[in-house]
Amino acid sequence: MPSFQEGSARLSAITYEMVALLVQHAEAIEGIPKPGMRDRLTEAAEWIRSHCHESLTLEQMASQANCSLSHFSRQFHRFIGKTPIEYLTECRILKSKALLVSSNMTVKHIAEYSGFSNSTYFIQCFRKSEGMTPEQFRMLRGISN
């Protein structure tokens, strides 16, 4: 017959295991990615940010996280709070804002350099994100072209 201390230690270990299982399943139920997946998503987000000026596909992004396209899209959105495409666009806008205030490049060249397919689409995305055109953004910061 086990002593009181042995029984108490065993009960404590079992309780810990049960709590760990509950947390693990609660994360799955809530849709929060598990730790290994969170690391892969963080790395993929960093990769997207550092390659945002390139023409990226959702397939390339999913490949960075070693996931299927649909699983990556769902998990990325749950973890980051944006779809991969929204995140990519946000990264491109941030890059373009830095260029708008630090260079005399034309809006067309900034659009291309930031990864946008054309300047019209860039201006549309910029206006939606910032509430003004890239030229207005530049002028408000005292930068003239």
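Trainee: Before we start, how are the angles between helix axes defined here?
Mentor: Axes are lines fitted to C-alpha atoms, for helices over the stretch in contact, and the angles run from 0 to 180 degrees between N-to-C directions. Keep in mind that this is a predicted model.

Trainee: OK. At what angle do α5 and α6 pack?
Mentor: About 140°, with the axes of the two helices 9 Å apart. Helix α5 covers residues 84-102 and helix α6 covers residues 107-114.

Trainee: Why is α5 called oblique to α6?
Mentor: Angles over 145 degrees count as roughly antiparallel. The angle here is about 140°, so α5 is oblique to α6.

Trainee: Is that crossing left-handed or right-handed?
Mentor: The crossing of α5 and α6 is right-handed.

Trainee: Which residues in α5 and α6 meet?
Mentor: From α5, R92, K95, S96, L99 and L100; from α6, I110, Y113 and S114. The residues of this contact of α5 with α6 divide into four nonpolar, two polar and two charged.

Trainee: And the next one along, at what angle do α6 and α7 pack?
Mentor: At about 85°, and their axes are 9 Å apart. Helix α7 is residues 119-130. The two helices are therefore roughly perpendicular to each other.

Trainee: Which residues in α6 and α7 meet?
Mentor: V107, K108, I110 and A111 in α6 meet S119, F122 and I123 in α7. That contact of α6 with α7 is made up of five nonpolar residues, one polar and one charged. I110 is also among the α6 residues that meet α5.

Trainee: Changing topic. How many aromatic pairs does the structure hold?
Mentor: Six. One of them is F72 with F76, a tilted pair at 5.3 Å centre to centre and 45° between the planes.

Trainee: Where do F72 and F76 sit, and how are they separated?
Mentor: Both are in helix α4, residues 69-80. They are four residues apart there, so about one helical turn separates them.

Trainee: Buried or exposed, those two?
Mentor: F72 is buried, and F76 is buried too.

Trainee: Which residues form the aromatic cluster?
Mentor: F116, Y121, F122, F126 and F137 form one cluster. F122 also takes part in the contact of α7 with α6.

Trainee: Last bit, the whole chain. How many helices and strands?
Mentor: Eight helices and zero strands. Of the 145 residues in the protein chain, buried ones make up 29%.

Trainee: And among contacts between residues at least 6 apart in sequence, what share join residues at least 24 apart?
Mentor: In the protein chain, 54% of those contacts do.

Methods:
Residues are numbered from 1 along each chain as its sequence is written. This is a predicted model: local features need pLDDT of at least 70, side-chain atom pairs count only at pLDDT 80 or more; totals for chains, interfaces and linings use all residues. Side-chain values use heavy atoms; hydrogens and water are left out. Angles under 35 degrees count as roughly parallel, over 145 as roughly antiparallel, 65 to 115 as roughly perpendicular and the rest as oblique. A crossing is left-handed if the near helix is turned anticlockwise from the far one by less than a right angle, and right-handed if clockwise. Contact means heavy atoms within 4.5 Å. Ala, Val, Leu, Ile, Met, Phe, Trp, Tyr, Cys and Pro count as nonpolar, Asp, Glu, Lys and Arg as charged, and the others, Gly among them, as polar. Rings of Phe, Tyr and Trp (its six-membered ring) pair if their centres lie within 6.5 Å; planes under 30 degrees apart count as stacked, over 60 as edge-to-face and the rest as tilted. Buried means under 20% relative accessible area, exposed over 50%, partly exposed in between (1.4 Å probe, protein chains only).
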